[in-house]
Amino acid sequence: AVPVSMLVNNAGYGVPGTLVSQPWERQRDFIEVMVTAPSALCWHFLPGMRERGYGRIVNVASLAGLVPGTPGHTLYAAAKSYLIKLSESLALENRGHGIHVSACCPGFTHSEFHDVVGVRQAMAGMPKWMWLEADAVARESLDAGERGKVVVVNGRAYRRIRAAMKLMPDSMALALTYDRLDIVRVLCDVTLKMIEGEIYQLTKNGDSALTEEEHFDIIRRKT
């Protein structure tokens, strides 16, 4: 077998619609590509990396794996969340063996992904600052992995979005994804207001007990 010192699990795509709107065979194939294949490749190449005392594994996940799921593309966020947890566990299991395992978590990135999924036109109206370049994501991810960073959120804007989501109660974060068509705009606006302290003030005074619908109403009023 050819010795492999660096493995990048980057293959991926999306299945539109809800879980039951697509044939199970299509969903099953998605799981094979997005979950089974990267796990199998890690299993296959890790022993050789451990034997040689050196290895680098980068699993290309997504910011979608760090925020609540959305209606539609049901398995996408779940698969990306799996890759993040897989990377964390493998990083711990192989600590001390010269092996770094990381998950990179970009947001919207210029690539053929959106053409394949068929949502290029829907993405055309997004603000330019929301887009990342594939080569920049690759460089940042490889550099961070070399330093031993396990979870890499690519892009300053997306790091702020993740920080904002972590500060929110789960019910408020889930409410953000209720209307999938407006999620990008709402995330941007809420991130700015989180930085300004407005939504933090909402959650600080016991509003974490509110329902998803009540949080959704608050978010809409604030944005």
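Hi everyone, let's start at one residue: Tyr158 touches Leu63, Gly107, Phe108, Met130, Leu132 and Val153, leaving aside residues up to four places away in sequence. A contact here means heavy atoms within 4.5 Å.

A quick word on what you are looking at. This is a predicted model, where local features need pLDDT of at least 70 and side-chain atom pairs count only at pLDDT 80 or more, while totals for chains, interfaces and linings use all residues. Residues are numbered from 1 along each chain as its sequence is written, and side-chain values use heavy atoms, with hydrogens and water left out.

Now, the whole chain. Its secondary structure comes to 10 helices and six strands; these are DSSP runs, with helices being H or I of at least four residues and strands E of at least two, numbered from the N terminus. Of the 223 residues, 42% are buried. Buried means under 20% relative accessible area, exposed means over 50%, and partly exposed is in between, using a 1.4 Å probe and protein chains only.

Back to our tyrosine. Tyr158 is one of the buried residues of α6, together with Ile161, Ala164 and Met165. Seen down the axis of α6, these buried residues fall within an arc of 120°, so they line one face of the helix. That arc is taken from the directions from the helix axis to the C-beta atoms. Why might such spacing work? An α-helix has 3.6 residues a turn, so residues three or four places apart point the same way. On the other side of α6, Arg156, Lys166 and Leu167 are exposed.

Last stop, two loops. His73 sits between β2 (55-60) and α2, and has a positive phi of about 45° although it is not a glycine. His73 counts as buried, at 15% relative accessibility. Gly96, in the loop between α2 and β3, is exposed at 77%.
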